[in-house]
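Colleague: I would like to learn how to read the features of a model like this one. Could we go through them in turn, with the general idea before each case?

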Amino acid sequence: MRTTNLRDLFSADPGRATNLSYGLSCGGTEFFVDFSKQSITAAVLDALVDEAHERGVLSRRDAMLAGEPINRTENRAVTHVAMRASDDSTAPARLRAEVQAGDRALRDYVDNVPTTITHVVNLGIGGSDLGPALVYDAISAMQSPVRTVRFAANIDPLDLDRALDGLTPARTLFVVCSKSFGTSETLANARRAVDWLRQGGISDLGDHLVAVTARPERVAASGLPIGTTLTMPESVGGRYSLASAVGVSVALAFGMPVFDAVRAGMRDVDLHFATAPARENVALLFGLVAWWNAAVLGHPTTAVLPYSRALSLLPGYLAQLVMESNGKWVDEHGNVLNSSSPVVWGGVGTNAQHAVFQALHQGHQVVPCDFIGHSRTLGGSARDHDALIANMIAQSQALAFGVTAEEVGGDASLRRHRVTPGNRPSTTLFMAQLTAGAVGALVALYEHSTFVQGAMWGLNSFDQWGVELGKRWRAMSLRLSALLVPRTPPTTTRQRNTTLQPRNWWRCIVAGVTPDYTQFSRAQKDRSSRTHVEPAGVARPAHAADHVEADSRRTRAPIQRQR
């Protein structure tokens with residue numbers, strides 16, 4: 001398919017747009033998904049579905065929905081779908097019972113938050129921030145919130161400073177959202193929030209702090225004066241946790257009925273993914289086409305381009321969902337992969353047209369795109385919204401078909417500069433209208449697409465060892481930076497020569513050089529006689545490749561990456 005031109009494919013099949021498009025009713029609206037401008041044919045889709053069967057994608061789907069421990073590296077079930085399930089089609093009764101208990105606690109809490117609370121500050125990062133922020137921002141374009149929600153994720157103090165700007169402590173509630181309740185950024189911001197409440201004269205601190213976590217025993221150990229703790233299952237990954245108590249900020253902003261509508265939209269897509277025949281299963285096909293682009297055609301990035309200001313946070317949310325799930329270098333058996341997750345990025349249209357589309361149209365790297373829009377306007381001008389959608393359609397067509405030198409015409413000396421090669425693949429996902437349910441359906445569609453891609457690669461989409469490694473290095477660097485600060489100024493030449501100054505450590509980091517930990521240990525041992533603290537030695541990690549057998553190979557698959 002690398003040598004096949006989209007122009008030729010459309011010329012050869014006048015019904016291509018119809019034959020490669022699918023409709024889906026979910027979230028209180030109609031979805032139209034058009035794959036016709038992807039570098040595929042009906043025969044390719046048939047082959048991809050056959051390959052999905054061969055690689056056990058559908059059996060893995062069924063195992064996930066049944067609550068089996070498909071997260072093999074952590075020996076856990078994967079139960080995010082159960083958080084919005086209503087029958088056995090998408091979760092067994094035992095999982096639904098667990099979810100219902102937590103859901104009752106969530107409803108009771110939301111119903112009893114006093115009306116004097118007018119602002120909510122969500123403290124969380126990653127999945128505890130990106131999903132709720134996306135949904136809050138999107139629904140705010142449809143209706144005014146009952147309570148205003150602000151989000152602070154970064155440990156950069158400016159993030160929380162801006163979130164607190166203009167707020168009144170007595171009217172502010174903090175949601176401390178951390179699955180492990182050990183996330184350093186979140187806990188640091190929570191402690192600053194407690195200080196801010198105290199400085200504002202708040203004595204009943206627990207009324208202004210609610211925790212969301214899978215580790216409630218750590219809440220008391222944290223020392224934070226949390227008044228209420230809402231729980232989520234350990235088997236729900238952070239980036240898949242929107243439908244759990246992690247979405248409490250959305251419920252506080254718009255009420256439980258709206259949050260329920262979001263989850264109902266997710267449930268509609270779940271049911272479709274679980275029950276629709278493979279060749280008509282939009283969620284399955286969506287993931288297979290994405291895998292085809294990355295694994296077979298070798299496109300290393302994907303652009304998500306919502307032509308809706310209400311969905312402007314979608315690219316950032318999907319960057320975490322897809323790359324944290326599938327950005328793995330080995331499969332679940334430890335065999336090295338030839339490829340895995342593309343880099344996911346994007347921007348809102350039409351802004352992106354004036355920022356990145358030059359490279360999309362004429363750059364050397366082909367970037368598959370997802371165009372997302374909705375028919376009914378959310379703004380004050382239907383005419384301008386029509387122009388917005390016209391831009392979206394025009395861009396997808398221009399990427400697909402390009403323009404030749406003959407079509408450009410004009411000054412012959414400029415024709416080569418004005419030619420665009422076309423043959424740039426894209427999927428168009430169009431909704432009749434954007435509703436709260438449609439936002440949930442959109443999230444679930446990408447969740448299942450991510451699962452399908454990971455299953456095709458044979459990797460575990462539900463662990464994140466790279467993230468965990470970064471946390472350990474961060475903790476180590478903080479310990480080192482603290483230990484490298486002399487408790488007393490060096491007074492002798494020997495002390496000055498053996499004491500590592502902090503500026504030297506940070507200079508090593510900037511230069512990309514790992515410090516000599518042996519020297520570090522020697523320096524600390526020399527000081528231990530004064531401080532009576534013997535720091536543990538820090539072992540330099542071996543390169544990951546050292547742990548891979550030289551002859552490990554992935555089984556050759558029927559569909560091979562095209563060169």
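Modeller: We begin with a definition: helices (H or I, at least four residues) and strands (E, at least two) are DSSP runs, numbered from the N terminus. This is a predicted model, in which local features need pLDDT of at least 70 and side-chain atom pairs count only at pLDDT 80 or more, while totals for chains, interfaces and linings use all residues. Residues are numbered from 1 along each chain as its sequence is written, and side-chain values use heavy atoms, with hydrogens and water left out.

Colleague: Where does Phe181 lie, then?

Modeller: Phe181 is in the loop between strand 5 (172–177) and helix 8. Most residues other than glycine have a negative phi, and most peptide bonds are trans. Phe181, although not a glycine, has a positive phi of about 50 degrees.

Colleague: Is Phe181 buried or exposed?

Modeller: Buried means under 20% relative accessible area, exposed over 50%, and partly exposed in between, with a 1.4 Å probe and protein chains only. Phe181 has a relative accessible area of 3% and is therefore buried. Asn423, in the loop between helix 17 (415–418) and strand 11 (426–431), also has a positive phi, near 60 degrees, and at 18% relative accessibility Asn423 counts as buried.

Colleague: Which residues does the cis peptide bond join?

Modeller: The cis bond joins Gly349 and Thr350, with omega about 10 degrees, and Thr350 is found in the loop between strand 9 (343–346) and helix 14 (357–362).

Colleague: How many helices and strands does the protein have, and what percentage of its residues is buried?

Modeller: The secondary structure comes to 22 helices and 11 strands, and buried residues make up 52% of the 563 residues.

Colleague: How many residues does the largest nonpolar core have?

Modeller: A nonpolar core is a set of buried Ala, Val, Leu, Ile, Met, Phe, Trp, Tyr and Cys residues joined through side-chain atoms within 4.5 Å. The largest has 111 residues, and Phe31, Phe35 and Val248 are among those with the most contacts inside it. Helix 18 (residues 436–457) gives the most to this core, with 14 residues. A second, separate core of 23 residues includes Leu123, Ala152, Ala190 and Leu197.

Colleague: What does Phe35 touch?

Modeller: Contact means heavy atoms within 4.5 Å. Leaving aside residues up to four places away in sequence, Phe35 touches several residues, including Leu20, Tyr22, Leu285 and Phe286.

Colleague: At what angle do the axes of helix 4 and helix 18 cross?

Modeller: Two packed helices are described by the angle between their axes and the distance between the axes. Axes are lines fitted to C-alpha atoms, for helices over the stretch in contact, and angles run from 0 to 180 degrees between N-to-C directions. The axes of helix 4 (residues 57–65) and helix 18 come within 9 Å and cross at roughly 125 degrees. Angles under 35 degrees count as roughly parallel, over 145 as roughly antiparallel, 65 to 115 as roughly perpendicular and the rest as oblique, and helix 4 is therefore oblique to helix 18. In this contact Val57, Arg60, Arg61 and Met64 of helix 4 meet Phe451, Val452, Ala455 and Met456 of helix 18.

Colleague: How far apart are the axes of helix 7 and helix 8?

Modeller: The axes of helix 7 (residues 157–164) and helix 8 (residues 184–199) are 11 Å apart, and the two helices pack at an angle of about 40 degrees, which makes helix 7 oblique to helix 8.
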